[in-house]
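Here's a quick briefing to keep beside the viewer.

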Amino acid sequence: MRVSDGDATTDLPLQSWLPVSPESDFPIQNLPFGSFSTPDAGPRIGIAIGDRILDLHNAAGAGFFDDCCDRALLRAPLLNPFLAAGPDVWTLVRRRISNLLRIDGDARLREGNADRFLIKRDDAALRVPMEIGDYVDFYSSIEHATNLGRLFRPEAEPLLPNWKWLPVGYHGRSATIVIDGTPIRRPRGQRKPPGAAEPEFGPTRRLDIELEMGFVVGPGNELGRPVPIHGAENHIFGFVLVNDWSARDIQAWEYQPLGPFLGKSFATTISPWIVTLEALEPFRVAAKPQDPPPLEYLKTDGSSYAVDLAVDLQTEDMRERGMPPQRISQTSFRDIYWTAAQQLAHATVNGAATRPGDLYASGTISGSAPGSQGSLIELTWNGERPIKLPDGETRTFLEDGDEVTLHGWCEKPGARRIGFGAARGRIEAA
Ligand code: CA
C-alpha cells in the first residue's frame, strides 16, 4: 500500500493551514491533479485545495520538490511527463504537497509569499489535464448491461454470452474529450425511425448521457508486453468523472456489426481534477464477487472504490425561473463488475501498448434500484416513462438548453469526505 500521509510524523489529524470549507470536495486529504491557465500565465499543472489551486509550476521553480523529482516533470503544461514517472515519484510529490499544506508541516509555503503559489480557482481556466493518446470505453456495470439487454433484446437472455468472461469495450475518440463546462452541440447524423423504409439525416432526437468513471494511465506498457493483473494498479494514476454523451438513434442505426461510432464520438466530458488512488485508498472496498471465476489473466482478489455518484439536470426553463437543478439519478461505483485492474490487464493482454495519459472509462454505471441508472434510456425505460421536473416539464431525452452535471464523492464515518468536482455540459442546438 502506498503512503498517503505527509512527511511529518505526527498524531494530529491531517489538516491544512489554508481554510477549507467543510463542504469542499478538495480538502488536504484529496489533493487531485489538474491543469489550468490564468490571464497572465499559460497552461501549467496544479493541485486543488479548497477554493485554491497550488501552482506546481511556480512551486517546483522555488525548489520545493528538488529532492522528489526533476523539476521539468512539474513545470510541463500537462501531466503526461509526471504520469510517466510512475507511482514512487507520485507518492513523493504528493507527500511533499501534503506536508507543505498541512498545519504542522513544512512551513516554507505558509511563511513565504503563499499567494504566488496559491491561485484562486475562480481566476483560472481549467483544461483537460493530459494529452489523451487513446481512449477506451468499457461496459462493466452488470446492471447497465442487463437493462440494455432487456430493452434491446426483450426475447433473449439480457447478457450476451461473452459478458461475464471479459470486460467488453471499444476504442473511442480522444480528440473530442472535453473539460467540464464545455458546451455540447447536438450532433447530426443518420437515423432510421422504426418502420421507415430508409434512413433520414438530421439532428439526433434521442440525445442521452452516460454516467461513468474513467482511470488515467501512468507509465503504460510497451508493445508486446501486457500489463499483468497483479501490479496493474501501479499503472493507474487516478480517476475522473466521465459523461459519454450518446445519440441513441444514430447509435441504433450504425452500431452493427462494428460497434459504437458517430453516435458517441461527437463529445465526451470529463471532470477537471484527477483524484489519485492514494486519495481513494480509505474508500477501497472488496469488488463484487464474479461468477463464473474469470480466466487466470483476469483473476485478482479484486477491489473497487466506494464512490457515490449523482446526475443533476436543469432545463432552460428551470434556469430562467431560478429553480435549482433536479437530481435525476444517484448510484455508486462500488459494485462495478469488472474492476479497473481487470480492464487494464484485458486491454493489454494481446500485447497492445498504452501510454501515459490514456483514458479508460468504466461504461455506464447503474444500480438496480429505481432512480439509480446512469443513462436516460434506462431511467425513462426507452422513453416510456418520462422524468417529471419541478417546473412541470418532462424529459425522455435531452432538449436544447438542458444542462447535465455529474457529481462524484466519497464519504464514510471517520474519514474526511473528498469529491471529484463536476462534469457539466449544456446542450446547444444542432
Ligand atoms: Ca459508454
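## Cavities, calcium and strands

Searching the whole structure turns up four cavities of 30 Å³ or more. Bear in mind that this is a predicted model. Its mean pLDDT is 95, with 97% of the residues at 70 or more.

**The largest cavity**

- The largest cavity holds about 50 Å³ of space.
- Its lining is made up of Glu233, Ile236, Phe239, Ser303, Ser304, Tyr305, Phe333, Ile336, Thr339 and Ala340.
- Two elements, S14 and strand S19 (303-305), each give two or more residues to that lining.
- The top contributor is S19, with three residues.

**The calcium site**

- Four residues coordinate the calcium ion: Asp137 (OD), Glu210 (OE), Glu212 (OE) and Asp244 (OD), at 2.2 to 2.3 Å.
- Along the chain, the donors of the calcium ion are spaced as D-x72-E-x1-E-x31-D.
- Asp137 sits in strand S6 (residues 135-138), while Asp244 is in the loop between strand S14 (236-243) and strand S15 (246-247), so this pair ties together parts that are 107 residues apart in sequence.
- Both Asp137 and Asp244 are buried.

- Strand S2 (residues 41-49) is mostly covered, with seven of its nine residues buried.
- On one pairing, S2 runs antiparallel to strand S1 (residues 33-38), and five bridges join the two.
- Phe33 has Ile47 in S2 as its bridge partner.
- The link from S1 to S2 is a hairpin through two residues.
- S2 also runs antiparallel to strand S3 (residues 52-55), this time with four bridges.
- Here Ala48 stands opposite Ile53 in S3.
- S2 and S3 make a hairpin too, with two residues between them; Gly50 in that turn has a positive phi of about 55°.

- Where is Thr276 found? Look in strand S17 (residues 275-276).
- Thr276 has 4% relative accessibility, so it counts as buried.
- Setting aside neighbours within four places in sequence, Thr276 is in contact with Phe33, Arg94, Phe237 and Gly238. Phe33 is the residue paired with Ile47 in S2.
- Glu143 is part of helix H7 (residues 142-152).
- Is Glu143 buried or exposed? At 17% relative accessibility, Glu143 counts as buried, because the cut-off is under 20%.
- Not counting residues up to four places away in sequence, Glu143 touches Lys288, Ser366, Gly367, Ser368 and Glu378.

**The five-stranded sheet**

- Five strands form an open sheet in the order S9-S26-S25-S20-S21, and the pairing is mixed.
- At the edges are strand S9 (184-185) and strand S21 (326-332), each of which pairs on one side only.
- Within the sheet, strand S25 (residues 403-412) and strand S26 (residues 415-428) run antiparallel, joined by eight bridges.
- Glu403 stands opposite Arg426 in S26.

Terms used. Residues are numbered from 1 along each chain as its sequence is written. This is a predicted model: local features need pLDDT of at least 70, side-chain atom pairs count only at pLDDT 80 or more; totals for chains, interfaces and linings use all residues. Side-chain values use heavy atoms; hydrogens and water are left out. pLDDT is the predictor's confidence in each residue, from 0 to 100. Two strands pair if DSSP finds at least two bridges between them. Buried means under 20% relative accessible area, exposed over 50%, partly exposed in between (1.4 Å probe, protein chains only). Contact means heavy atoms within 4.5 Å. Donors are N, O and S atoms within 2.8 Å of the metal (3.2 Å for Na, K and Ca); water is not among the atoms, so sites may look incomplete. On a 1 Å grid over the protein atoms alone, a cavity is a set of points where a 1.4 Å probe fits but cannot get out, and a pocket is an open set with protein on both sides within 12 Å along at least five of seven lines; lining residues have an atom within 4 Å of a point. Grid points are joined across faces, edges and corners, and a volume is the space filled by probe spheres set on the points.
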